[in-house]
Every structure is written in C-alpha cells, then in structure tokens.
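Here is a quick briefing to keep beside the model on your screen. Take a moment to look it over, then read on for the ligand surroundings and the strands.

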Amino acid sequence: MTRSPLTTPQPGAAPPAVHPEAPPPGTGLRSHYNHCFGCGADQRHGLHLTARTPDGSTVEAEFTVGEAHQGAPMLAHGGVLAAAMDEVIGMSVYLFRKPYVTGRLETDYLLPVPVGTTLHLRAWCNGIAGRKAYLEAEGRIGAPGGPVAVRAAALFIEVNMEHFAEHGDLAAIAAEHDYEVNP
Ligand SMILES: CCCCCCCC/C=C\CCCCCCCC(=O)SCCNC(=O)CCNC(=O)[C@H](O)C(C)(C)COP(=O)(O)OP(=O)(O)OC[C@H]1O[C@@H](n2cnc3c(N)ncnc32)[C@H](O)[C@@H]1OP(=O)(O)O
C-alpha cells in the first residue's frame, strides 16, 4: 500500500484489542443504518454490503460490481470502489463499539474491475491513538486469495453521538440503535 504519513500509525499508537461486546468470531454484522449507501437494505441505489467478522477485530464482505457501478464501459467506477472500501473499513472500526467517521481515505487502484466481478473485501485496524484509528482494507478479485485490485488506508476519527444529532438525523439512528435521543 502506498500510504501517506497521515494514515500511518503515529508513534505510540496501540494495537486494537477485541472489544468484549464485539460479535463473536464467525458472526454477521448488521447494517448500522437502513438507508446507508454502503450497507442499507432500504437504499435501492446502494452497494448492499453484508459483512461478517471472522475474529472480532477484522471484517470481511463481498461486493459484486453491477451495471449501476460503471465508470468506463463495463468497468467499475473508482469512486464506487472507494465507497466500498470506506464502508468495509467503517464496519471494522464499529467493532470497537464507538462511533467513528472517516477523516481521510487513500485508495490504490491496482487492476481494472469488470462489471460482474465479485470483490472479496477485508478490513482491519493497524493501531489506535486517542480518537484516531488507523485502518486498512483490500479488495481481491473473485476469491479471498484472488489478485488484489484495490487497497485503501484510512484515518477514522472517534466522535460522539451528538455529532450525528448536530449534523444529521439522530432520531433516525436512534430508531435502529440502543440510544436515547433525549436521555
Ligand atoms: C451513521 C451513524 C450511525 C451511528 C451508530 C454508530 C456509529 C457507526 C459507525 C460506523 C459504521 C459504519 C460507517 C460507514 C460509513 C463510512 C464512514 C463515513 O463515510 S463517515 C462520513 C464522512 N466523514 C465525515 O463526514 C467527517 C467530516 N469531518 C468531521 O466531522 C470532522 O472533521 C472530524 C470529526 C473528522 C474531526 O473534527 P474534530 O473537530 O472532532 O477533531 P479534530 O481536532 O479536527 O481532529 C482530531 C484529530 O484527528 C486529526 N484529523 C482530523 N481529520 C483529519 C484528516 N482529514 N486528515 C488527517 N488528520 C485528521 C486531527 O489532526 C486531530 O489530530 P491530533 O489529535 O491533533 O493529533
């Protein structure tokens, strides 16, 4: 991965520990929001990623590139692939049971990805320093051990739920999460 210093764990960053309330190994992860472009079942234009964790600290998902995801004829749009990486990384950091948002996302495109391809996505955390989580993901063509087509490195920043209340629609989130809007 060609990464910038901004997505390279800073000195003193600690390796992440599996959260005691993380889903057990082998468990599927539920969508964090029904209308999410990445994982929401009710978002008809979305990517519909469904993920699982093999070990409570990393996440795996598959994304099949469809006609709606084209950039060049019959080839995946780079921005859509970046969205898939953003989503799978977001799912992996949510295993730590805190709300995070993407601060920075870097993407390497190594191979063209034709429509109809299933990308096998994997995301993991390289370290945590305060509110900053340093994460990485890859997308492999056709199989978990297939050729790497996309790599991403990201810096996610921990926020509080008020972030979503102030800037978005906390009530919509609270409808799906165990969170009181007006405690
Ligand atoms: C949906 C809610 C559901 C809730 C349920 C639970 C949560 C579920 C969680 C996950 C599920 C999956 C989610 C999938 C979706 C994918 C994720 C997205 O697409 S998120 C959308 C795109 N991202 C934004 O909209 C962020 C917009 N930016 C901001 O709001 C702010 O800039 C923010 C919060 C990122 C930082 O602002 P500050 O004021 O809080 O903090 P400051 O002091 O600026 O930064 C803190 C530290 O981080 C560094 N930093 C911040 N941004 C950076 C950047 N872009 N590059 C490098 N460093 C950065 C700073 O230098 C600072 O570092 P130093 O502590 O001084 O060492």
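Two strands count as paired if DSSP finds at least two bridges between them. Please keep in mind that this is a predicted model.

**The annotated domain**
- The unreviewed UniProt entry places "domain: Thioesterase" on residues 76-140.

**Around the ligand**
- The ligand is surrounded by 24 residues, and the closest are G90, P99, V101, G103 and I157.
- Two or more residues of this shell come from each of α1 (78-93), β4 (100-109) and β7 (148-158).
- Strand β4 gives the largest share, five residues.
- By type, the shell holds twelve nonpolar, seven polar and five charged residues.

**Strand β6 and its partners**
- Strand β6 (residues 132-141) is mostly covered, with seven of its ten residues buried.
- On one pairing, β6 runs antiparallel to β5 (residues 118-129) over ten bridges, and L119 stands opposite I141 of β6.
- β6 also pairs with β7 in the antiparallel sense, over nine bridges; there A133 has F156 in β7 as its bridge partner.

**The two turns**
- Two residues separate β5 from β6 in their hairpin, and G130 in that turn has a positive phi of about 60°.
- The hairpin of β6 and β7 has six residues between the strands, and G142 in the turn shows a positive phi of about 85°.

Definitions and conventions. Residues numbered from 1 in each chain as written. Predicted model: local features only at pLDDT ≥ 70, side-chain atom pairs only at ≥ 80, totals over all residues. UniProt positions renumbered as here; feature names shortened; annotations may be inferred. Near = placed C-beta within 6 Å. Helix = DSSP H or I, 4+ residues; strand = E, 2+ residues; numbered from the N terminus. Nonpolar A, V, L, I, M, F, W, Y, C, P; charged D, E, K, R; others polar. Buried ≥ 20, exposed ≤ 12 C-beta atoms within 10 Å, placed from the backbone.
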